[in-house]
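Please read the following note with the sequence and the model side by side. Each numbered point may be checked against the display.

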Amino acid sequence: MWGLLCFAVSSYGALMSGGQQVRAVMAINIALNRKILLLDEVTDNLYDENTAVIMAWVRQYADINQATVVWVTNKMDVVRAVAEKVLHLDAGRVVSFGTNKMFFQYPSPQASQIIEREQGLRPVVGAVSDV
């Protein structure tokens, strides 16, 4: 199964939408039963509806398979919705590290600027309970 998916993505990837590409690559990783997923800006160019689907899918996969997910993103709504812990980097340096709750309740000055800027740009896709 995963061989067919790999072939489809490599052969027809340019014809697929961003959401289809992300889903195909996620399906490959699920088929391979990965215990660590590194997601580098996988939702940054997707519509909010597709972002919500990917976030739910990743969360369910991680819960069922006890997988670790490292999710690199610039979207604060995604951070708020999926992160248990947040590592905030600025110019390659660690600005802050802690729980999701701490990151948003007591943000660093750099994080405050990003959060304030994004609050006017898009609605929050999801939310996490107290972590």
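Leaving aside neighbours within four places in sequence, with which residues is valine 42 in contact? Valine 42 meets Val22, Ile54 and Trp71. The points below place this answer in its setting.

1. The structure is a predicted model. Its protein chain has an average pLDDT of 79, and 82% of the residues reach a score of at least 70.

2. Overall layout. The protein chain contains six helices and four strands. Read from the N terminus, their order is α-α-β-α-β-α-β-β-α-α. Of the contacts between residues at least 6 apart in sequence, 58% join residues at least 24 apart. Buried residues account for 31% of the 131 residues in the chain. The accessible surface is about 8500 Å², and carbon and sulfur atoms hold 55% of that surface.

3. The largest nonpolar core. This core has 14 residues, and those touching the most other members are Val22, Met26, Leu39, Val42, Ile54, Val58 and Trp71. Two or more residues come from each of α2 (18-31), β1 (36-40), α3 (48-65) and α4 (76-82). The largest share, four residues, is given by α3. Apart from this core lies another, of eight residues, including Met76, Phe104, Ala111 and Ile115.

4. Valine 58. This residue is located in helix α3. Is valine 58 buried or exposed? Valine 58 counts as buried because its relative accessibility is 4%, under the 20% limit for that class. Not counting residues up to four places away in sequence, valine 58 touches Met26, Leu39, Val69 and Trp71. With valine 69 the separation is 11 residues in sequence and 8.1 Å in space, taken from C-alpha to C-alpha.

5. Leucine 46. A buried residue may also be found in a loop: leucine 46 lies between β1 and α3, and its relative accessible area is 12%, so it is buried. Beyond four places in sequence, the contacts of leucine 46 are Gly18, Gly19, Val22, Thr51, Ile54 and Lys75. Leucine 46 and valine 22 are 24 residues apart along the chain, and 9.3 Å separates their C-alpha atoms.

6. Serine 108. Serine 108 sits in the loop between α5 (100-105) and α6 (109-119). With a relative accessible area of 11%, serine 108 is buried. Its contacts, leaving aside neighbours within four places in sequence, are His88 and Val95.

7. The nonpolar surface patch. Which residues make the nonpolar surface patch of about 430 Å²? Leu87, Leu89, Val94 and Phe97 make this patch. The elements giving two or more residues to the patch are β3 (85-90) and β4 (93-99). Valine 94 belongs to strand β4. Valine 94 counts as exposed because its relative accessibility is 55%, and the exposed class begins over 50%.

8. Valine 58 has 4% relative accessibility and is buried, whereas valine 94 has 55% and is exposed. Valine 58 is in helix α3, while valine 94 is in strand β4.

Definitions and conventions:
Residues numbered from 1 in each chain as written. Predicted model: local features only at pLDDT ≥ 70, side-chain atom pairs only at ≥ 80, totals over all residues. Heavy atoms only, no water. Patch = residues over 30% accessible without salt bridge, like charges linked within 9 Å, V, L, I, M, F, W, Y side chains within 5 Å. Areas by Shrake-Rupley, 256 points an atom, 1.4 Å probe, with all protein chains shown as cover. Salt bridge = Lys/Arg side-chain N within 4 Å of Asp/Glu carboxyl O. Buried < 20%, exposed > 50% of the residue type's maximum accessible area, 1.4 Å probe, protein only. pLDDT = per-residue confidence, 0-100. Core = buried A, V, L, I, M, F, W, Y, C linked by side-chain atoms within 4.5 Å. Contact = heavy atoms within 4.5 Å.
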